[in-house]
Amino acid sequence: MTSVLYDAPGPKARARSRMFSIIGGVLIAAGLVWLILTLGAPRTTVSGAVQPGMWDPTRWDIFNDLEVWRSLGRGALATLQMAGVAAVLAIVLGVLFSFGRASETAWIRIPTTVILEFFRGMPVLLMMLFILLVFSTGAFMAGVAALAVYNGAIIGEALRAGIRSLPRGQREAGLAIGLTPTQTRFRIEFPQAFRQMLPIIIAQLIVLLKDTSLAYVLGYSELLRVGVNNLSSFFGNRYAFSLFFVVLAIYLAMNLLLSWIARRVARSTGPRAGKPTATNLAALGSTTLTDQPLQGSTSAGAASGGAEAEGRGDARGH
Amino acid sequence: MDAVIENLPKLLDGFRGTLILLLLAGSGAFIVGVIIAAMRISPVASFRGFATVYTEIVRNAPLTLVLFFCATLLPYLQFQPGYFPLAVIGLTVYTSPFIAEALRSGVNGVPVGQAEAARSVGLTFGQTLSYVVMPQAVRMVIPPLINVFIALTKNTSVAGAFFVFELFASARQITNVRGDAVLAILLGVAAFYLLITIPLGILAGRVERRVAVLR
């Protein structure tokens, strides 16, 4: 886009932009070096004791201990467990919600719409607390249930938008060859909608994985609690910083891996499934109220099978 | 129901906390987001690289982890402005990449043909931007931006778990005292959240329909 806005830069402009780039790079590098040095500098506490800097070996030696990695592994496993169970349930719920919302019967459609609005407007954390206190389940069940319901509502909206964006002829053809309306929905419309919305659904599952960390608040010992809470209270506060670093790295690794898979899926299912084009996504964007994933992709997403990233404008995990 | 009414002052207090968090973190995130988005589409490669790395790291870190860092590790590093400002910093940092992405996708979403057409009828750089590209980009950006703010509203609840008094924290306190009326209290708190999120959602839908660019 930018290159269209003005004439192609000549040698002078190119040299200037290279110079800016180098200056900018030096500035950013200097900022990072400063940050690393300040973190590494020994500091004096209010009480006058001198603490070693953050990169001091005494702050990192616990990572020689295999047991530490084993606990971190257990934490990561607990996180994945919760995310896995919640993801399956969320997709199932999403399918049900989408059928409810796209139903021809007002008796089903309107209550589903109200319930969906309710679920989507509430913080996941509040929902977790709600389930924990009202149904007095364990922390695991409360986390799973809240994540499943919340993300199910969002996936349901995405699927409904996918169904709406299909050409009318698909449904008419299904009815014309004698399928019942339910069969048409299941066997003709739904598979297409699902494939079309797959990148958005996977993006939502990444949000779900990130949101499992909310179960920290409920006391479920997942990666965050094991890493930064249990281990640092066991080994002492001085490891808090390094443990935080490692936990962050584990989360980043898991999420980036999933995003990478999402991108691949988006690319491979795209063309076959009738890739969401700018126009039909725009059309569907205007029919829905608040699904973040969709609006993100109305704009740029369609361009390069890149719906994956924009979909997460969600932020809600944000 | 009586539990909600008798604790209404406390709930309203919490609601005020949520609103202030939303306002401060929202405007902070908007400013940082604009800067990041500008870096991301700038011709300077090193800025682009920095903005991309920032976006990827922050977007893939869970909010709880970000707020944990702000609430416990920053004080440990002798930066202690109090829990409320720390939560605002955390929410700002966490929300900014989402705002940046919404802005960037809006600008990128204007088809190249629009700018090409503007250029070919002889508009200058400034005219192209102000008459053709920006009016379309701004329209496309508003609904996703509102959605980011809806998400932020819900995310402020996590701050309640890190020593900040807002709606979620008030819910926890009240349910601790009135264990017999948990359902009513939680529904009451949910209503307060919905009071912010549902109107915003309706607004987003309406804006989107009104300003939809027909091409």
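A:Pro42 touches A:Val50, A:Gln51, A:Pro52 and A:Gly53, leaving aside residues up to four places away in sequence. The model is a predicted one.

Reader: Where is A:Pro42 placed in chain A?

Author: A:Pro42 sits in the loop between helix 2 (11–40) and strand 1 (43–44) of chain A.

Reader: What separates the C-alpha atoms of A:Pro42 and A:Phe119?

Author: Those C-alpha atoms are 48 Å from each other, for two residues 77 apart along the chain.

Reader: Which helix holds B:Arg16, and how many other C-beta atoms lie within 10 Å of B:Arg16?

Author: B:Arg16 belongs to helix 2 (residues 8–41) of chain B. The count for B:Arg16 is 13 other C-beta atoms within 10 Å, which means that B:Arg16 is partly exposed. As for separation, B:Arg16 and B:Phe165 are 149 residues apart along the chain, with 9.4 Å between their C-alpha atoms.

Reader: How should I read a pair of packed helices, such as helix 6 of chain B and helix 7 of chain B?

Author: Two packed helices are described by the angle and the distance between their axes. For helix 6 of chain B and helix 7 of chain B, the axes come within 10 Å and cross at roughly 160°. An angle over 145 degrees counts as roughly antiparallel, so helix 6 of chain B is roughly antiparallel to helix 7 of chain B. The crossing of helix 6 of chain B past helix 7 of chain B is right-handed.

Reader: Which residues meet where helix 6 of chain B packs on helix 7 of chain B?

Author: From helix 6 of chain B come B:Gln114, B:Ala115, B:Ala118 and B:Arg119; from helix 7 of chain B come B:Thr128, B:Val132, B:Val133 and B:Gln136. By class, the residues of this contact are four nonpolar, three polar and one charged.

Reader: And between chains, how many residues of chain B are in contact with chain A?

Author: The size of an interface is often given as the accessible area lost when the parts come together. In terms of residues, 67 of chain B are in contact with 58 of chain A. Several helices of chain B each supply at least two residues of the side that touches chain A, among them helix 3 (45–60), helix 5 (83–109) and helix 7 (125–159). Helix 9 of chain B gives the most, with 15 residues. That side of chain B has 43 nonpolar, 17 polar and seven charged residues.

Note on methods: Residues numbered from 1 in each chain as written. Chains lettered and ligands numbered in written order. Predicted model: local features only at pLDDT ≥ 70, side-chain atom pairs only at ≥ 80, totals over all residues. Contact = placed C-beta atoms within 7 Å. Helix = DSSP H or I, 4+ residues; strand = E, 2+ residues; numbered from the N terminus. Nonpolar A, V, L, I, M, F, W, Y, C, P; charged D, E, K, R; others polar. Buried ≥ 20, exposed ≤ 12 C-beta atoms within 10 Å, placed from the backbone. Axes fitted to C-alpha atoms, helices over the stretch in contact; angles between N-to-C directions. Parallel < 35°, antiparallel > 145°, perpendicular 65-115°, else oblique. Left-handed = near helix turned anticlockwise from the far one by under 90°.
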